[in-house]
Amino acid sequence: MRFLPLDKLIHGQDGYRKRFKIDSIDLILSKENDQIVAFGAVCPHQEQSLEEGYIEDDIFACPRHQFAFDLKTGEHQAGHCQSLPIFEVNYDGNQVGILIGS
Ligand code: FES
């Protein structure tokens, strides 16, 4: 696994949300309730952009049809949709990023 830096930690205020497209990776980095999470930028249901979704108690709700996904596992709560990709957040100095395969 290698670290892919995305942004400086100082930018990560609560409510921060930013989309990153790097090669084939398309993700949202978000901070809510002091927790930084990284997940796929497109809903696995009908490809809605997830820059506007809603997070509560480690659950992300898509803004289009409100499908809810677990931000730890990516699983759809009701179990009838594909999972949302979840990325492992990591830190290096003042940088926040994700771990990706080698
Ligand atoms: S497009 Fe996300 S729930 Fe339908």
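In which sense do strand 2 (residues 17–22) and strand 3 (residues 25–32) pair, and over how many bridges? They pair in the antiparallel sense, over 6 bridges. The model is predicted. The points below follow the strand pairings and then turn to Ile-36, a residue of strand 4.

- Glu-32 faces Gln-35 of strand 4.
- Asn-33 has a positive phi near 50° in the hairpin of strands 3 and 4, where 2 residues separate the strands.

**Strands 4, 8 and 9**
- Strand 4 (residues 35–40) is joined to strand 8 (residues 86–92) by 2 bridges in the antiparallel sense.
- Phe-39 has Ile-86 of strand 8 as its bridge partner.
- Strand 8 pairs with strand 9 (residues 95–100), again antiparallel, over 5 bridges.
- Val-89 is positioned opposite Ile-98 of strand 9.
- In the hairpin of strands 8 and 9, with 2 residues between the strands, Gly-93 shows a positive phi near 60°.

**Ile-36**
- Ile-36 counts as partly exposed because it has 17 C-beta neighbours inside 10 Å, and a residue needs 20 or more to be buried.
- Leaving out residues up to four places away in sequence, Ile-36 touches Gly-12, Leu-29, Lys-31, Val-89 and Val-96.
- Asp-14 is 22 residues from Ile-36 in sequence, with a C-alpha to C-alpha distance of 8.9 Å.

Notes. Residues numbered from 1 in each chain as written. Predicted model: local features only at pLDDT ≥ 70, side-chain atom pairs only at ≥ 80, totals over all residues. Pairing = 2+ DSSP bridges. Helix = DSSP H or I, 4+ residues; strand = E, 2+ residues; numbered from the N terminus. Buried ≥ 20, exposed ≤ 12 C-beta atoms within 10 Å, placed from the backbone. Contact = placed C-beta atoms within 7 Å.
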